[in-house]
Amino acid sequence: MAEEEAKKVEPEVCSETPPPPAPVEEPIEAPKDVPEEKTVIPPPLPPPPAEDKPEEECKALAIVEKPEVDEEKKSEGSVDRDAVLSRVATEKRLSLIKAWEESEKSKAENKAQKKISAIGAWENSKKASLEAELKKIEEQLEKKKAEYIEKIKNKVALVHKAAEEKKANIEAKRGEDLLKAEEIAAKYRATGTGPKKLLGIF
């Protein structure tokens with residue numbers, strides 16, 4: 001920054017002053033061996049009349065350089081002011097950037113939380129649907145199981161019935177065979193004859 005030298009105009013008192021009065025000559029003592037002579041002392045000269053000049057004409061203009069200290073102080077004050085303004089602007093910009101960053105982070109957090117909540121709700125819904133389907137399948141399996149058990153029990157009952165019928169037939173046949181053997185034996189006793197061959201003995 002270019003520095004301009006301030007110039008101060010100060011009045012300078014005119015250096016022309018009236019001359020001092022002429023010195024008064026003192027009588028000189030004559031030596032004793034010289035005859036005395038009367039010395040004539042001239043009267044003192046009156047001072048020259050002062051010229052009635054205006055005071056303004058006796059004053060001359062002088063250019064005085066203003067000290068550079070004030071200029072340097074002004075320059076330093078201006079630099080300090082610029083530095084303060086620059087620092088304030090920087091702090092304001094950093095504050096705005098920080099506020100924007102916090103706002104963006106908050107938006108990102110809210111967005112992520114919303115998506116996580118949506119995924120959690122979707123997961124719970126799918127789990128509930130699958131559990132309901134599994135329960136339905138279990139109910140169907142239980143129903144089919146009961147039907148199969150009933151069918152098997154019926155088959156077991158039928159087999160048992162068939163076995164009992166066969167046993168009854170065999171028992172009836174045995175009774176008939178025993179009764180027939182007793183009747184033939186009684187007939188042989190009555191006639192005095194014997195059987196032609198003994199089954200299972202010979």
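**Labels and cut-offs**

Guide: Of the 202 residues of the protein chain, 0% count as buried. This is a predicted model: local features need pLDDT of at least 70, side-chain atom pairs count only at pLDDT 80 or more, and totals for chains, interfaces and linings use all residues. Residues are numbered from 1 along each chain as its sequence is written, and side-chain values use heavy atoms, without hydrogens and water.

Visitor: What makes a residue count as buried?

Guide: Buried means under 20% relative accessible area, exposed over 50%, partly exposed in between (1.4 Å probe, protein chains only). Here the buried share is 0%.

Visitor: Which elements does the protein chain have, and in what order?

Guide: The chain has two helices and two strands. From the N terminus they run β-α-β-α. Helices (H or I, at least four residues) and strands (E, at least two) are DSSP runs.

Visitor: Where is confidence lowest, and where highest?

Guide: Strand β1 (residues 7-12) is lowest, at a mean of 43. Helix α2 (residues 68-191) is highest, at 90. The scale, pLDDT, is the predictor's confidence in each residue, from 0 to 100. The chain averages 75, and 59% of the residues score at least 70.
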